[in-house]
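Please keep the sequence and the structure in view while reading.

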Amino acid sequence: MQTGRTEKIGNVVLDYSHYPEQDFYCDGASEDALLELVKTIPPREYPQEIYKAASWEVLYHLSDLRENIVGWLPVDKSMKVLEIGSGCGAITGSLAQKAGSVTCVDLSKKRSLINAYRHQDCDNVTIHVGNFSDIEPDLPTDYDFVCLIGVFEYGQSYIGGKTPFHDFYRIIKKHVKSDGHIVIAIENKLGLKYWAGCREDHVGTFFSGLEDYPQGGAARTFSRSGLEKILKECGETEYHFYYPYPDYKFMTTLYSDRYLPKVGELSNNLRNFDRDRMLLFDEKKVFDMLIREGLFGQYSNSFLVMTGPMTDIVYSRFSNDRAEHLSIKFCAKKLGLLRERGRTDILEKDGKHTVRKYPATSAAAAHIEALAENESIFTERFKGSTLSVNRLELKRNPDGLPFAEIEYLENSRTLEELLDECLQNNDEAGFDKLFDRYCKIAAWKAEGTKQDYDLTFPNICVQGDIWTMIDYEWTTDKLTPQQIISRALNCYGQEDPVRMEHPIVKKHLEALGIGKEQMYELSEKELAFQHFVLQEKDGRSRTALGQLRHLIGNRAVPYQEFFARADRKKVQVFEDFGAGYTPEHSYYQYDAYEADDLINARIICKAGTKAIRLDPAELPCLVQIHGIEWRGKALTRAQLDQCLSTNGQVLADTPSHVPTVLFETGDPNISVRLDCLDNEATDGEALIIRAQIAWLSAEMLQDIQARLAAGARRKGFWFQR
């Protein structure tokens, strides 16, 4: 319902008092589709819609993983939150669930409508539509939190002027109460992913942030020191850096300067959804090195900076994306597993750490309560063994929801770390001793009782001679100790090829009877488990991000293959001004490919151009010419007879079919004589050539040549050698 300068969508109020009656930023058809989707599809069905769409835009705007970046913030119902640049509402719902009131500001009416429709049940959300500079003077100055998630980098677009980021920050600070917080989530322009081959998020080119944006652009990201410089120059004295991993957009884990990642933890690095990327090196190994050298904070892919008083939370891990694949052949329900999603925080106060597990929703409360039962069961089972069970206390929030407070083990190392150390030192006796103790623990009093499905090496902490089980979340009474041991060793090896190929690991795999076939079966069962974790109680399934990356179709390509693809896709254009084709009058058209095998070359001709030659590749290939346009019209068959020539051999050419040309040379070319069509080109006219290409290996070319030699060679009536 719209009244005057406001509109109400469900319970959400949209305020158009400063709306200029025009959206100056819009993603076009994708936003129209999103608006229609949120009008007709309830939020609980978004995961299925994301899977069906297989689209970066739908994933980016509707994934609930976007909420993780603010889901850990200590916001409660007594607080007011301002969200600047709220867009399609990726984090608005999470803030509304936690806060007393949420005020949103966004320039786009269409995006604000998407936000309103998807959160129409929230009665504490107001969205101001229009330019921030116009709306800002009317905003209160007593917000507990002001959130800029993926927004601060656009400061020069919001504010302009010579010091836009400083000015933007000073304006924002006016609206925060004295003990309140500004929260900025932003990419690190020195993020490791950019060194490793990801394109810069905003301009879509390689290394542009590392080169400090030589081509310009609307957005600017910063290094840690660059952000700190702005904060200090704006008079900010109290601020704290956090490190969202893999990045702030789809964060699963949040680290801080008080709780940094440990070696081996950062293995989830393939998060390219919007475009292809290169793989220049193994990011996990480089992250491990940076962690050892104390440099992780400089190369984290993203930052979250929170000003104001420090929170006790030093680490937060979300479990709403627990799997890497969806397709399975093994029925996970046979394992008898419990399931729900939630969050694990580590808090630090007075130098002491505490672990807390929270349910994601009220429906997940039973899962948290089951942890207390599991602790009791395993404590009783492992009495008399060399394994202790991490202590847990069940508590409740003011809203009645339970959470588990778990003992934090100071100065401990995981069994995985100790085993890795043995492999690095080729200490077979040390590895055997540790693994033998693990096997005895797994088999301890196992008959007729629950098994800890996740009794893996990272989930056992070692303090001297004391071993402690720290994770008993997933239990089953369907597996034997032998199966638990096999899973643990297989997972350990599969996570790192170096481990899997090590003779010590191979020896133990063979001793357990785990060959290639058994590894495959174990992997299938692991996929089943991961799928089950993602499955809702009503049978609807979520799709993990790793799978969505493949569905969307953007690849992570090893640099050798990436450069080989780039070489294959070199399209060179030659111009003839009356003296023939020469290298001096040629150039490469790097945007000629609209897909991996489709050429859509738009050649802008200069005045006096008599002919154009297109070299579609620099190696033998098959080319099917789909069409040629000149002066906005497709050339007829008669015109093609007159003006078109190639240095290839026509394999198929009838009036009803497009021609397919075999180029047996590494210098294939297609020539179009413009002076045969009409007068020579005038400046700025476009010649468009559309074609599909298949590159030929030496073996394929030889096979085609042999088959052609055995039959009559065809020549098209416009074909010229």
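Does Glu407 count as buried, partly exposed or exposed? This is a predicted model, and in it Glu407 counts as partly exposed, because its relative accessibility is 26% and the class of partly exposed residues lies between under 20% for buried and over 50% for exposed. The side chain of Glu407 meets that of Arg391 in a salt bridge, with an N to O distance of 3.3 Å. Arg391 sits in the loop between S16 and strand S17 (392-396), while Glu407 belongs to strand S18 (residues 402-407), so the pair ties together parts that are 16 residues apart in sequence. Arg391 is exposed, with a relative accessible area of 54%.

A second pair is Glu629 and Arg690, whose closest N and O atoms are 2.8 Å apart in a salt bridge. Glu629 is part of strand S30 (residues 621-630) and Arg690 is part of strand S36 (residues 686-695), so this bridge ties together parts 61 residues apart in sequence. Both ends are partly exposed: Glu629 has 22% relative accessibility, and Arg690 has a relative accessible area of 32%.

Glu473 and Lys357 are both buried. Elsewhere, salt bridges link Glu187, Lys193, Asp201, Asp247 and Lys249 in a network. The count for the model comes to 46 salt bridges. In general, side chains of opposite charge can pair when their charged atoms come close.

Strand S22 also takes part in a sheet. Four strands make up this open sheet, in the order S16-S22-S21-S19, with mixed pairing. Its edge strands, each pairing on one side only, are strand S16 (387-389) and strand S19 (413-414). S16 and strand S22 (residues 466-469) run parallel and are joined by three bridges. Val389 stands opposite Met469 of S22. Across S16, strand S21 (460-463) and S22 lies helix H16 (residues 428-442), which runs at about 50 degrees to S22.

Another helix to examine is H11 (residues 224-233), in which Arg224, Gly226, Leu227, Glu228, Ile230 and Leu231 are buried. What do the buried residues of H11 pack against? Their partners are helix H9 (164-173), strand S8 (176-187), strand S9 (239-245), helix H13 (296-299) and strand S12 (302-307). Just after H11, Gly235 has a positive phi of about 85 degrees.

Phe24 is placed in the loop between strand S3 (12-15) and helix H1 (29-40). Phe24 counts as exposed because its relative accessible area is 56%, above the cut-off of over 50%.

For the protein overall, the secondary structure comprises 24 helices and 36 strands. Of its 721 residues, 54% count as buried. The accessible surface comes to about 32,300 Å², and carbon and sulfur atoms hold 50% of that area. Among contacts with a separation of 6 or more, 72% are between residues 24 or more positions apart.

Technical notes
Residues are numbered from 1 along each chain as its sequence is written. This is a predicted model: local features need pLDDT of at least 70, side-chain atom pairs count only at pLDDT 80 or more; totals for chains, interfaces and linings use all residues. Side-chain values use heavy atoms; hydrogens and water are left out. Helices (H or I, at least four residues) and strands (E, at least two) are DSSP runs, numbered from the N terminus. Buried means under 20% relative accessible area, exposed over 50%, partly exposed in between (1.4 Å probe, protein chains only). Contact means heavy atoms within 4.5 Å. Accessible areas come from the Shrake-Rupley method with a 1.4 Å probe; for residues, only the protein chains shown count as cover. Two strands pair if DSSP finds at least two bridges between them. Axes are lines fitted to C-alpha atoms, for helices over the stretch in contact, and angles run from 0 to 180 degrees between N-to-C directions. A salt bridge is a side-chain nitrogen of Lys or Arg within 4 Å of a carboxyl oxygen of Asp or Glu.
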